[in-house]
Amino acid sequence: MKASTVIVDVENVRKRFQGATVLDNVNLQISLGDRVAMMGPNGAGKTTLVRCILGFYHIDGGRIRVTGYDPVKERVEVLKSVGFIPQLPPPVKLTVGELLRFVERSSGTSAAAIRKKAEEMELDVVKHSQKPFFKLSGGMKQKLLIAIALARRSRLLVFDEPTASLDPRAREHFYEMLQSIDYEHAAIYITHRAEELAGLVNREIYMDLGKVVDDERI
Amino acid sequence: MKNLFLISYLDIRESLRSKWFYVYAFVFGGLMGLFFISGITDSVVMGFTGLSRLLLVFMQVTIVILPIFILITTVKSISGDRESNILEYMLSFPISLKEYYWGKFLGRFVTVFFPVFVALLVGVVWGLFKGGAIPWGMVILYSLLILSLCLSFLGVAFFISTLVKSHDVGLGLSFAVWILLLAFIDVALIGLMMQNRVSDGVVITIAMLNPLEAFRIGAIALFDPELTVIGPVAYYLLDTLGHGFLMLYAVVYPILVGALFAFFGYALFRKKDLL
Ligand SMILES: Nc1ncnc2c1ncn2[C@@H]1O[C@H](COP(=O)(O)OP(=O)(O)OP(=O)(O)O)[C@@H](O)[C@H]1O
Ligand SMILES: [Mg+2]
């Protein structure tokens with residue numbers, strides 16, 4: 001594998017919150033083509049690690065590079081190639097239409113592409129475009145977030161438990177859509193249900209107490 | 001820059017859907033309208049001699065309510081967004097922190113300033129209908145005073161929202177700042193003055209460092225250039241500063257305070273964890 005294909009490079013990263021060490025010397029390299037299931041008990045530090053990778057937190061030690069850029073100092077460059085779904089759908093007060101406009105203007109992803117992805121999950125965006133996002137049902141919210149993330153065609157997908165409130169059918173659609181991504185990318189799926197991602201991921205990372213305790217390619 | 005305006009635009013759209021905005025627009029629109037309207041009618045009848053009790057009451061109400069409204073709604077929206085993970089999602093798109101912060105600031109500014117400003121214009125139009133000559137200088141100065149008061153409290157509100165992570169603490173702090181500027185400083189200064197240990201000049205200077213006081217004096221001076229309603233302090237102020245400089249101070253100083261706090265807030269926003 002070429003060195004240039006490393007998308008995420010995490011070196012000796014430490015992060016503390018009010019004196020408690022949440023990330024303890026984490027080392028991790030994710031390359032193009034890696035589809036990672038990230039697992040571990042509640043409070044292991046998965047969300048924190050992902051937030052460091054996306055530049056939300058200032059790390060207390062170590063170094064992070066995403067597509068060669070520093071996520072804090074060069075956040076715009078980093079986020080241009082990231083599609084992210086948070087652990088909890090945020091109660092965004094913008095209407096669906098406004099949210100799509102925000103995505104379109106800020107990241108250049110066309111609203112039409114998002115609508116198409118949403119349709120694949122049986123979500124009619126046009127019908128709801130005047131509705132505030134937070135008034136959609138939990139599953140609809142998640143579908144829209146998924147549609148946005150996939151329509152962006154990002155080189156790095158970061159999904160923090162994206163299926164928590166999807167019904168079984170929607171979950172099926174979602175996995176099919178992930179399967180059919182037709183360009184080279186890297187993905188991190190945080191999950192508590194590894195068996196669902198079987199066949200989709202080619203690497204499993206296990207975190208506990210702020211450390212990567214297991215990292216296997218499958 | 002394009003993203004900055006996008007953020008402002010969306011923030012304004014969001015405000016236009018919220019209930020607080022309508023309460024705000026109603027309270028201040030009505031208040032300011034009445035305030036200015038009575039100013040104009042007074043001027044026509046009495047030719048700018050003396051400030052009516054009514055004007056004073058209205059101004060007092062503005063001074064009490066405008067800052068707390070700006071503080072509470074701004075802190076609520078900014079730290080509310082952080083606490084509910086809206087910030088996390090919005091900032092996962094390629095938007096610089098500069099565009100986000102100042103875009104929000106601009107959006108907020110428009111929503112707090114315009115209802116008051118529009119009400120003012122309505123007052124002016126109403127004055128025209130009543131056949132009075134419109135004192136344009138006064139209209140412009142009064143708009144500037146309100147703009148400056150809005151900016152100063154917006155700056156403080158943005159600073160509080162980035163300084164404090166938790167929503168509740170942010171609201172508490174806003175309330176403390178408001179009470180302090182509104183009452184405690186005055187009470188403390190009255191105490192100092194009564195003890196006669198510091199010179200009156202020092203006490204007046206400290207009072208004038210309060211942006212609310214700067215606004216108050218500026219607004220009174222607009223309608224009552226001799227500042228007769230505020231008594232002997234007026235002589236001191238007019239003697240040392242002069243009417244022109246006093247007005248300049250009342251407009252510029254609160255803006256400086258707001259800008260300073262807004263920039264500190266921005267520095268913190270960049271330096272601290274975003275979530
Ligand atoms: N902003 C914060 N301030 C203080 N402590 C935090 C903060 N964010 C996370 N923590 C703490 O860091 C630890 C790791 O949290 P994190 O959210 O990363 O866990 P997780 O692995 O994602 O867990 P889960 O599976 O429950 O989502 C927890 O003990 C949590 O309390
Ligand atoms: Mg988590």
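1. Buried area here is the accessible area, taken with a 1.4 Å probe, that two parts lose on being put together, summed over both. For chain A and chain B that comes to about 3000 Å², with carbon and sulfur atoms giving 63%. On the chain A side, Phe56(A), Arg75(A) and Phe102(A) lose the most area to chain B, together 22% of what that side buries.

2. A note on conventions: this is a predicted model, where local features need pLDDT of at least 70 and side-chain atom pairs count only at pLDDT 80 or more, while totals for chains, interfaces and linings use all residues. Residues are numbered from 1 along each chain as its sequence is written, and side-chain values use heavy atoms, with hydrogens and water left out.

3. Going by contact (heavy atoms within 4.5 Å), chain A puts in 31 residues and chain B 29 residues. There are 6 salt bridges between the two chains, counting a side-chain nitrogen of Lys or Arg within 4 Å of a carboxyl oxygen of Asp or Glu. One of them pairs Arg17(B) with Glu98(A), at 3.0 Å from N to O.

4. Now the ligand. Ligand 1 has 15 residues around it, with Asn42(A), Lys46(A), Thr47(A), Thr48(A) and Gln87(A) the closest; the cut-off is a heavy atom within 4 Å. A polar side-chain atom of Thr48(A) sits 2.6 Å from a ligand oxygen, and the side chain of Asn42(A) has an N or O atom 2.8 Å from an oxygen of ligand 1.

How values were computed: Chains lettered and ligands numbered in written order. Polar contact = N/O pair within 3.5 Å; in protein donor to acceptor, adjacent residues only side chain to side chain.
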